[in-house]
Amino acid sequence: MRLSLAVFLLSAYECRLIPCVLQSQREVTDLTTQSAFQDEAKRLDDVLQHIQNQLRAIGPRYTGDDFTEQMLDLQREQRKQRLEVAEREPYFGRLDFQETAQEAPSPLYIGKAGVAHEATNQLLVVDWRAPVASLYYAFSGGEAPVSYESPEGEIDGTVHLKRNLMVRQSKLERIVDSYVRGQADETVTDEFLLYRLGESKDNKLRDIVSTIQQEQDLIIRTEKNRAVFIQGVAGSGKTTVALHRLAYLLYRYAGRIHAERMVIFAPNRMFLDYISGVLPELGVGDIVQTTYVEWALDQLQHTIRLDDTVDAMEYWFEQPRTAEEIEQAVPRIKGGLAFKQAIDLIIAETEAALLPAAPFEPVEGMVLYPHTMKEWLATDDKEEPVMRRRERLVSRIKRWFESEWKTRRYTDSKLKSKANAKLNAYGKKIAAFTAPQLYLALLKGSGKAQMLSAKERAATVKRIQSGLAQPEDLAPLVYIQLRLYGLEQSRYDHVVIDEAQDYSPFQLETLKLCQRQPSMTVLGDLQQGIHGYAGIHSWTELTALFNADDTGYYELDRSYRSTMEIIDFANRVLGSMGAGVKPAVPVFRSGEPVIVRSAATEADRLQRIADIVREWQQEGSYKTIAILGRTASSCDIIAGHLAKAGIEASLVERRQPTYGGGLTIVPVYLAKGLEFDAVLIADADAESYSSNDAKLLYVGCTRALHKLELLHCGPLTGLL
Ligand SMILES: Nc1ncnc2c1ncn2[C@@H]1O[C@H](COP(=O)(O)OP(=O)(O)OP(=O)(O)O)[C@@H](O)[C@H]1O
């Protein structure tokens with residue numbers, strides 16, 4: 001159904017669609033375009049031949065013990081994987097570009113991986129990340145000269161043709177010319193993008209190399225040593241762009257940055273599973289993928305466990321919470337920079353107290369005075385973590401003692417063991433702390449931790465003493481750990497933070513400490529900031545942590561996920577938030593109207609949910625369907641009813657590691673970041689979505705790609 005819709009839209013655009021093998025397309029009338037298709041099919045066969053030759057030449061895997069051979073084998077294996085991706089879809093685009101000094105345009109075929117002719121080394125396919133490929137994405141039509149930055153400097157020229165080629169399983173399925181020089185329509189048209197967006201989605205996010213948009217490409221190709229912030233409306237491609245940026249950086253800075261020193265922070269394991277297909281498809285492996293909680297517990301070497309007894313999500317989402325409660329929430333305080341300053345102060349005090357006041361005198365007359373130790377500390381690297389400096393001081397005292405002992409030629413073994421005991425006792429006076437110990441000292445002290453209520457401080461002390469922490473305690477603990485002991489592993493080359501509106505400034509500070517210079521992609525949407533009790537309320541809370549010169553800020557307003565009807569509807573929900581909100585701009589992809597239905601009773605509501613789902617399943621074109629409930633308990637009720645009605649559905653729960661697609665029942669707050677072909681918001685009543693819940697309802701509505709319905713029992717939410 002959606003295919004024919006796409007075709008209809010294409011004709012409405014007077015597109016230069018070149019029909020080919022798809023059954024549903026109209027008869028071929030234009031002989032020129034037909035011959036262009038045949039030429040492309042012939043060239044494709046040719047390129048495939050080269051790829052297959054190269055694959056055959058790779059030979060079997062090395063199984064011996066020789067290290068150099070093993071390394072070479074690894075490289076061959078990586079090349080083989082790239083060629084296998086190229087074999088399925090060697091390229092997706094063609095750009096005919098004429099450099100100013102050239103007499104005629106040359107066609108450039110752009111694909112996921114570069115392929116060269118095995119004998120002549122001539123490029124058959126240009127990697128999408130190559131500088132020249134930026135022209136393909138940036139070109140927006142017209143006859144004016146264009147240019148791109150190459151390693152040799154700026155290259156300019158003119159574009160003669162921009163063509164999309166859809167190759168599936170090594171077969172050319174269609175070609176669409178989005179620009180032909182000299183034709184009446186000078187602008188680049190979006191037919192191919194619309195076709196791709198109209199497709200159904202399964203349970204995994206996909207790569208978008210063939211349809212990256214200009215504003216997205218600009219972000220992907222931003223230079224490495226910057227903290228890039230992206231505020232993007234729901235469905236604007238933030239997650240996708242960040243993943244493509246990783247692939248770009250690895251290509252652009254090959255040899256200088258490494259996948260295993262890049263890290264992606266996502267909100268939960270299920271989300272990581274959902275995005276797990278994109279990087280391998282882009283030929284990228286080994287990037288660390290984690291959540292902040294998992295990462296923090298690792299940094300603390302699992303000396304602390306997460307407190308499971310209180311579920312923040314349930315606390316904040318099962319009951320309506322006021323704006324005041326959210327503003328004054330404990331996670332906001334513990335995640336704030338004022339709290340970090342309180343910790344900085346106690347670390348400075350610890351550092352100042354490192355030096356004991358009394359001299360060290362292991363044997364009468366053999367004295368090490370504090371002023372000498374002070375000089376040692378002064379020449380030490382101030383950037384070194386405090387406890388590392390302490391360790392060095394203790395070792396230096398030991399070395400001083402051994403050397404003095406030798407110089408004085410003492411031989412009395414009894415004297416030596418007494419002196420050793422004194423040495424140990426002296427070393428203990430130079431206090432060593434673990435991160436939890438120092439955190440406890442802060443909470444129990446009379447200093448700045450007073451910004452927390454006495455009750456909260458007491459509760460935190462009790463928890464930490466039993467080896468437990470809540471998520472909001474992790475940034476303070478990790479920060480102390482890093483300041484005291486430093487980072488155990490190598491520093492990160494690049495950090496990606498998805499759903500960054502849910503991060504506190506303090507969390508970002510801890511991640512900054514894991515890099516030599518900031519190289520980050522930080523993405524999120526304040527309009528989806530449903531965890532306002534912990535996250536930021538304005539981007540400046542995070543951007544202020546970086547030098548303005550090292551920071552980039554981008555806004556993405558176009559939403560690619562949903563149909564125009566869904567976006568318009570979701571924008572109405574946003575509108576209820578009052579001034580200052582930025583509506584999403586839909587791509588011109590029309591679909592079915594959004595439907596709001598009412599149920600007379602609770603039993604009727606449950607019955608209708610089952611009926612709607614059955615109808616959608618029978619329709620057959622939706623691979624993924626979600627029923628979104630306001631709370632986990634409301635989802636339980638729906639799941640129970642569907643099970644009785646014989647409808648198979650999976651219920652998504654907190655900490656679920658995977659997302660399997662099909663029919664899913666999800667609490668709306670856990671659906672953030674995911675998307676589904678069809679979405680039913682199962683309880684759009686005034687009680688479930690109060691005036692404070694606009695962001696939550698916006699998140700729910702914007703999960704839908706093609707179909708959105710809302711059902712309510714009792715008065716409809718005022719947000720609509
Ligand atoms: N240039 C593009 N071409 C094709 N599809 C695109 C493009 N950009 C984004 N999309 C699609 O739009 C959808 C939304 O992308 P993504 O999940 O990355 O957006 P997001 O901004 O992170 O969304 P949200 O904030 O709502 O989680 C995905 O299906 C993605 O494939």
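For the classes used below, Ala, Val, Leu, Ile, Met, Phe, Trp, Tyr, Cys and Pro count as nonpolar, Asp, Glu, Lys and Arg as charged, and the others, Gly among them, as polar. The model is predicted: local features need pLDDT of at least 70, side-chain atom pairs count only at pLDDT 80 or more, and totals for chains, interfaces and linings use all residues. Residues are numbered from 1 along each chain as its sequence is written.

**Exercise 1. Describe the shell around the ligand.**

Step 1. Apply the criterion that a residue is near a molecule if its C-beta atom, placed from the backbone, lies within 6 Å of it. The ligand is then surrounded by 24 residues, the closest being T211, A234, G237, K238 and T240.

Step 2. Assign elements, where helices (H or I, at least four residues) and strands (E, at least two) are DSSP runs numbered from the N terminus. Two or more shell residues come from each of α5 (191-197) and α7 (238-252).

Step 3. Sort by class: the shell holds six nonpolar, twelve polar and six charged residues.

**Exercise 2. Determine whether N121, R409 and S140 are buried, partly exposed or exposed.**

Step 1. Count the other C-beta atoms, placed from the backbone, within 10 Å of the residue's own: 20 or more means buried, 12 or fewer exposed, and anything in between partly exposed.

Step 2. N121, in the loop between β4 (115-116) and β5 (123-127), is exposed because it has 7 other C-beta atoms within 10 Å. R409, in the loop between α16 (386-407) and α17 (413-429), is exposed because it has 6 such neighbours inside 10 Å.

Step 3. S140, in the loop between α4 (133-138) and β6 (146-150), has 13 other C-beta atoms within 10 Å and is therefore partly exposed. S140 lies 8.3 Å from Q214, C-alpha to C-alpha, although 74 residues separate them in sequence.

**Exercise 3. Examine the backbone phi of N121 and R409.**

Step 1. Most residues other than glycine have a negative phi.

Step 2. N121 has a positive phi near 70°, and R409 has a positive phi of about 50°.

**Exercise 4. Compare the span of helix α19 with its expected value.**

Step 1. The expected span is 1.5 Å times one less than the number of residues.

Step 2. Helix α19 (residues 454-465) has twelve residues, and 16 Å is expected. The span from its first C-alpha to its last is 16 Å, close to that value.

Step 3. Just after α19, G467 adopts a positive phi of about 80°.
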